[in-house]
Structure formats: structure tokens, C-alpha cells
Amino acid sequence: MLPLHLLRFEFRYQFARPVTWLYLVLIFGQGIWYGLGAHSQFGNRLLWVNSAANAYLVLASPGLILTVVACLLAGQALTKDLEYRVADYAYATPIADREYFLGKLLGTLLTVFVLALAYPLGTLAVPLFAEGINGPVPVGQLLDGFFMLLIQNLFIIVSIAFSATVFTRKMTGAYVAMFGMVLYFLVSNLSVGDDLPNDLLLLLDPFGVGMVRNGVMLMSIADKNTGYLAYPPMLFINRILWLGLSFGLIAQAERQFSFMTFRETTGNDKPVLNPSKTKNSRHWLAWRKAFSFAPVYSPPRFLLLARHEFLGMVKQTAFRVVVAFLALLLVVFATMLFDNPNFPAMLTTARLTALREPLVIYVGLFLMVFSGELVFRERTVNIWAIYDTMPTSTALTMLAKLLAMIGVAALLALSLGATGVLIQVATGSYPIDWPLYALDLGLGAFLGYVCWIALAFVVAILVNHRLASHVVSVVMLMVLMLAPRFGYESAGRWLYGWLPGTDAYSELAGYGAFASARWAFAGVWLTVAGVFITLGLWGYNRGVVIDFSARVRQLKAQFSWKYASLSGSLFVLCIAGQLLISQHDYDKPATLLTQTKQSWAIAEPLALQSKSSVIAIDNRTIALTIRYKHPETVALWQQAVSDALRRGTALFGTYPYDHLTLTEAPSPTETTRSLPGHIRLTETEGWTADTREPKQLDYLVYVAIREVLKQWTNRHTAPGAGLVENSLVEYLALQVVKERFGLDRLRDRLAQRNKTYDQQRRLAADFEPTLALSSGQTYVERDRAAMVFSSIGEVWGDKPLSLSIGQFFSQKNSAGKPTSLTSAAFVQHLTNALPDSIRFLTTYLTERPVFDVSIESVYRAGDAIIVKMNNQKWADDGLGTLTAQLPADAMPLVVLDGSGREIYRKLVWPTSQNLPLWLPELPTARIVVIDPLGAWPDVFRFNNRRVI
């Protein structure tokens, strides 16, 4: 017989707790977060923001937050009776061990399933935050993914965590399961979109995420928008394996569980010590003193109360779990999720302190909820009648709680700072910037935490209802965090706790003009926090929750002119602070950036070091000077620039100047620029690269080639010729990457360009010019150009294309006609140089073609390999409207062996008729790939690779 009464009790108990509703909000937010991630990672201009594909990709994984919540609820289901010391009563009721076990398990599963409903609901809100086309709501696909994917994965998670709790007879089992799953989830996310190498790994994936992603990739564009996923057969085998394992764990846990053994071996119940029989009775004596009738404003009593509240907070398992979770997130963000995509970067102090921003939502929610819980703690555990009889004033009682929570915030800030220092020490990322840590922990973190705590306290006190205050606090926190995304230029100065220049720190120039602005804002917000604390002192309620009318009478009775005068004085200080901010333009980031740039121009000569050398090229010497703040990569820059000067001389002729200066510049205030004889390269362009990984430092070579070649192209380029000024050197720089670092690195760089171009194209609200007509559109002249010229090189050959570019510049310069260095002139030059059979390649410069090239199937037939391909092609009108065209484009097709080595290459002409292509029998052939470099502007690049 199913214990329905226990199931109902467990379900009602969980949803009577405010933290459960907080879980609901977080899971809803995760739905938005993961929906945006899926749209960014796999979306394109032909996929709707709310496509069916995005729904399946999101629901395939339970995600970070939902995994943590499921593990915590599963672990607490059996241990909370012991924590609240009601196990003796519960176990004495006329209920069997099995009924109790099943009731707790089913109640937890029902709670987790109901909470999980917020996950797909969050995905429905994604169109509010993402740019793109919205289609009909995929209700059927969301339900299909919810029941076929998410529910099963949650059952696996709860089963493992619940069983681990029984086996270890402690909450520790659930924690171990939680951290194991979180680590697995974070690591698996690093290979998003990649095929797993073999079927065994697919079966060992507990959530089946890889198979779902592979299935989504095989869907056509139309099916991705509106269709249902055809689940791969391997997924059903995976489900049988993991669901069977889960049922087996539950069965074993049920056989092992008993009231006697679970109760006796947990060690959670501690005996109550008799103070008269304890050698060290200091704690008991302290409480005797606490209850003595000393003056109500006694500082020792105040500090004792604050210490008691502080210890009560930090000793909670929830606090320790949260701190460990935040420290783990910081490590993962620093080493995995926020890895620099361009080069292996040193984990500098500035980079680690900047990671406070992705963690701010977790820290804010923790502080707000725990602050509210502390206000209501005596009422929650029903000891208010004893606690409120203490001979202390109401003000001291509230201020002790406030001071305790501020101590918790300080401990949290120090924990995150210590984690950052340990990361730097463990990875050998020196030097450690101790002043920056102190500034970040003090001004950037701790003072902000104090502001949030004060807000949470006043909300809890004035609302005077535990659940409602949590809801109000979380909503206000979300508004404060999200508002800067919607025009902080005008709203920033009115956002409580907001500090300007959070993302404007430079290791060269510091915060610049933002430094004084941040202190001014911090002073204002601390004054506002003082107003909140004063209101809290006035409205703090000792006793039970009372109705609204009685609450109003209580507030009137507690009113005092000392509160009014204090809050009034603080309010006047706030007004004065706002006037100061307005007078100095501290609320205008653009002005502060200008001031920072001006101050850096004065400080630059003394702030940078210099290193000079002489480069000999073709019987002439060029003086090279490097001015830098970070010395680690100076030798690499020196070699890269020297090679770039030689490459430019071979392509374009004599270097036009007798010197070249390379200067490191602060990134928030400047952009990388190539001036006559001078290159200003921002600090984010490779100065902080980790030189211990030389094989991944191709980005430094690429940047050096790109900017040095501009010393030639910028000299005689006609105004508005973005193709000649930027696109040609982009292609030439990437060719050097291929020559020195191999095809794999070039493929990675082109994948970056394709992703950036697609994202920028979706965000751009204006007309997109063709490459031949672009002037100042960086995402066209660099990102799209990198793909276009690479695709031309794949068909014609990189060597003839590079020689043709060099001939173009040498012919035009020798003619003494700088105005002839135009984009139109290069298009004509390329048209004349190309063979007639591939002259269609020039349309890539004058049009905006978009492709969807796919391999439908690959199989062996006799002594041949049969490949069926499909190619769809559209023309973009520059405003996002696509018109279908008949494809007639040549693309390379390659065959790889089992180790990924290329063994065969052929130029093919895929059409829209799905015609078969016959390849020779290749015994070691394993994979067929069309467009292996990823050079064509393809809307969906995941279906051009098939295993034979």
C-alpha cells in the first residue's frame, strides 16, 4: 500500500518553506539562462528563438541549479527529522520502514517534478531577452521533452542522491552525489555540440545529452522550428541502463533502510550537556550573563547576541554548502567556463575579481534570503516567547542580527577572495595584486553585500511576513541586477547598490576616473542603507505576526522623533551625494571613459617600460620599440612583429617607414589601432597570454600579422574601402596561422568568426552591406571576410589568392594612384585573375550568400563509397530576408580515417537534388566531411559530417 499520507505531508511541508519558492524562481531563471545559451550556441537566422530544437536542447539536461535542488531535497527528506530532533516521534508512529521510505521518496520526487515545471516555463520567456524571429509556442515539444527527457533524468538524480543518503546514513551522501553530478555537468558542457567519440561514452552519459544533441543536429531547418525529435535508438538503451540502475539503487536502499540503524548511526543527535558536569562551562556562563539584568544598552550583551546569531548562521549546513558551492563555481568559471577563446590567458587578479559578476546573482540571493530568515528565525522555530523576554532593547536585538549578517557577508567575501588567491598560487599565475583584492573585497563586494542585507532587513520587517518578504526581496534584487541591461546610462544613479565602471577596470590604468565615482556612489548607497536600517529599527516587531491594523497601531506606538531625525539627516546626505554625483558627471560612463583616457595619456610615459631592437630586411634596418606593462609576452611580440614585417615586405614591397612602435594600451578606453609607424594594441589582445602553452599562442601571431600588414594597406587605401583595408589582411593573417600552427587552429579561428558573425548579424538592426561595399562594419569586414576569402582559397588555392592580393597592391601603388585602391578595383582584379570555371567566387564579395550544406547519407557499395549530399542556398537582401537560389558552388569534400587524418580530397559541386557521389574504395575511410574548414557561411554547420 502506498503511503499517500506521507507523500502529501512531504509535499505540503516542502511548499510551506520559503526556500522552496526561491528554488522555483531560480529554476525559472535557469530556463531563461539555458534557453539563451541554446539559442546563442546552436541558433541561426533561420531558426526561431522559441524553436522546437531549442526546447529539446534545454530539456535534455537538468542543468546546474535543478541538479543541486534535486540532490538537496533528496538528502534532506530522510535527515531533516533527525536535524529537528523529531525522529523519535516519527519512528514511533504505527508505520513500517518500507512505507516511511517510499513516502519520503515519492514526496521528494513529486516536489522535484513540480519544481521542474518552472524550467520549460522559463524557456517561454527567452524571446523577451533574445534577438530573432519568434514562431508559435512549441507546447507539444516542451511537453514531449519534459516527460521523455527531463522527468527521467530527475528520477535518476533523486534516486542516486536518496540512495547515497541511506547508504552513508548522513546528508554527506547526497552532497557527494550532488558535487559529482555538478562536476560532470560542468565538464560535459565544455564539449557542447561535439560528437562523443564512441558508443560506449554515449551509453555512459547518465542524462543522454549527447545523443539528444546529435538527434537535434540531424533535423532539417523546418523540423528544428516546428517538428518533434526522433529519439535515437541508442537513447532507449541508455535509458534502460540508467533507469534500471536507479531502480536497483532504490531497491537496495529500501532493503538496507530501517528506523533502528538509520537512527543510531547518523550522529546528528548530540546529548545535552549539564553545565554543572562540564569542565569547560564558559558557554553556559556566557548565557547566564546574557540573561542577567544589566543595562539594556550594554555593549558586551550586544556583542554576545551578535556572536550568538553569527555562530548560529555559519554552523548551518546550508551556509557551508553555499560557500563551498560558490567557491566551486569560482574555480569552474576561472578554469573552464570563462576560458579565453583567443589564447590561454594567465589567471591574473583582475580576471579573477571580475568573476564576481557571474557569481553576483547567487551571492545576492543567498544574502537576501538568509537575512530574511534571520529576522524571522525565532518565530520559525517557535521560541519567540522565550527569546523576546530577554532584557535587551528592541534596537539591540535587531542590530545584533544585522551585525551577525554583516559578519556572514564579510566571511563570504573573504572566502571568495581566498579562493581566488589559491587559484593563482595553484596555477602559478603571478604576481598577485593584493591592493586590487583588498579594493574588490572591500568596495566592490563587501559594501555591496551590506547594501543588500540592509534592504532585505527593512523589507522583512515592514512586510512582516516570512514568505512574502522573500518574494519581495528577490524581485527587488532581480530588478536591481537586470535594470542596467536596459539603459543604465540614464538609470544607473538611481539603482541602489550600483557602482559605475564595474567592467571598466584596466590593469594598466586601473579604474581611472571611475575610481572616485565608485567611492561617491558607495557613500550614497551606504547612506541609503542607513535610512533602511533606521526604518528597520522603527518597525522591528518582537512577537508573533499580527494583522495589518494592529501592525499599523504598533508602528504608531513605536514612532520616535529620534528615528525621524536620524532618517531625515541621512536622507539629506543622500540628496547631497546625488548632487555631487551630478555635478562631477559621475553618472555618465561616456564622460568617465573620456576622462580616463585623458589621464592615461599623461601617465602613459612613466607607466610603461620599453624594449628596443633592430630588424634587418633587404639591406635596410627597421627600428622596433615595444612599450609594455606586462613583460611576459614581449619576446613573443618581438618575434611575431619581425616575422610580420618580413611577410609584408614579400607581399607588398618595401616597408614604408624606418621605425615601428608597438604600445600596450588600456582596453576599456582604447581600441586596437594601426597608425603610421605605430601600433596601439590593447591589453586584451594577448599581453596576458600564458607563455607556458606555446602551441596555443597562434592568436599573437595572427594579431601581429594583421596589424603590421595594415602599415601598408592603410597608407594608400581609399576612404570607405573596408574590404581592402581590413578584409585582405584578415585573410593573410589567418593563412600565417595555418602555415605555422596547422589546419586545426585555422578551423578553430574560422569557427569563432562564423559564430561572431552570426551573433552580430542577428543583433544588428541596420542594413548589412556586401563585403565589397562595407565601410566600418567590423563584423562584415573581419568575421564574414575571413570565411569568404577562406572559401575562395579552398576552391582556387591559397597560394594563387595570396599572390593575387600582393599583385593588386604592388600594381596600384606603383601606378602612383592611391585612389585606385578601392574595393571595386579589387573585385575587378580578382575577376580577371580567376579561371572561368570558378569565377562565381566573386559573387561572395558582391552578394550575401547563405548555405545549408549537408551530407544525407554515406555507405559502402561494392568497391565504392556512395555519398548523398544536399545543398540549399539563399541570398540575403541585407535586411535579413532570405531568397532561395539555385546552388552551383564548388566545395571541398574530404575523407578521414579513424584517427582523423585526411586520406582523400575532392572538389565537389553539391546541388539541391540530393544526387549521389561515387568515391573510390578507401579501406581505412571512417568519416566523410564536406567543407572541412568550415569556411562557407553555413546556417547549420553540424550536419556536414557523417560516419561511414
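Colleague: How should I read the relative accessible area of phenylalanine 808, as buried or exposed?

Modeller: The term buried stands for under 20% relative accessible area, exposed for over 50%, and partly exposed for what lies in between, with a 1.4 Å probe and protein chains only. Phenylalanine 808 has a relative accessible area of 0% and is therefore buried, and phenylalanine 826 is likewise buried at 0%. Please keep in mind that this is a predicted model, in which local features need pLDDT of at least 70 and side-chain atom pairs count only at pLDDT 80 or more, while totals for chains, interfaces and linings use all residues. Residues are numbered from 1 along each chain as its sequence is written, and side-chain values use heavy atoms, with hydrogens and water left out.

Colleague: How many aromatic pairs does the structure hold?

Modeller: A pair of aromatic rings is described by the distance of the centres and the angle of the planes. Here the rings of Phe, Tyr and Trp (its six-membered ring) pair if their centres lie within 6.5 Å, and planes under 30 degrees apart count as stacked, over 60 as edge-to-face and the rest as tilted. The structure holds 36 such pairs. One of them joins phenylalanine 11 and phenylalanine 15, whose centres are 4.9 Å apart with 45° between the planes, a tilted arrangement.

Colleague: In which helix do phenylalanine 11 and phenylalanine 15 lie, and how many residues apart?

Modeller: An α-helix has 3.6 residues a turn, so residues three or four places apart point the same way. Helices (H or I, at least four residues) and strands (E, at least two) are taken as DSSP runs, numbered from the N terminus. Both phenylalanines belong to helix H1 (residues 4-16), and because they are 4 residues apart they are separated by about one helical turn. Phenylalanine 11 is partly exposed, at 25% relative accessible area, whereas phenylalanine 15 counts as buried at 16%.

The pair of phenylalanine 808 and phenylalanine 826 is edge-to-face, because the ring centres are 5.2 Å apart and the planes stand at 80°. Phenylalanine 808 lies in helix H35 (residues 798-814) and phenylalanine 826 in helix H36 (residues 823-833), so this pair ties together parts that are 18 residues apart in sequence. Ring pairs also link these two residues into a cluster whose members include Tyr655, Trp712 and Phe789.

Colleague: What span should the 23 residues of helix H28 have?

Modeller: The expected span of a helix is 1.5 Å times one less than its number of residues. For H28 (residues 561-583) this gives 33 Å, and the end C-alpha atoms are 33 Å apart, so the two values agree. Among the buried residues of H28 are Tyr563, Leu570 and Cys574, and cysteine 574 has 9% relative accessibility.

Colleague: How many of the residues of strand E9 are buried?

Modeller: In E9 (residues 891-897), 7 of the 7 residues are buried, so the strand is largely enclosed by the rest of the structure. Both faces are covered, with Met891, Leu893, Val895 and Asp897 on one side and Pro892, Val894 and Leu896 on the other. As for its partners, two strands pair if DSSP finds at least two bridges between them. E9 runs antiparallel to strand E10 (residues 902-908), joined by 6 bridges, and antiparallel to strand E12 (residues 925-930), joined by 5 bridges. Valine 894 has arginine 905 as its bridge partner in E10 and stands opposite valine 929 in E12. E9 and E10 form a hairpin with 4 residues between them, and glycine 900 in the turn has a positive phi of about 85°.
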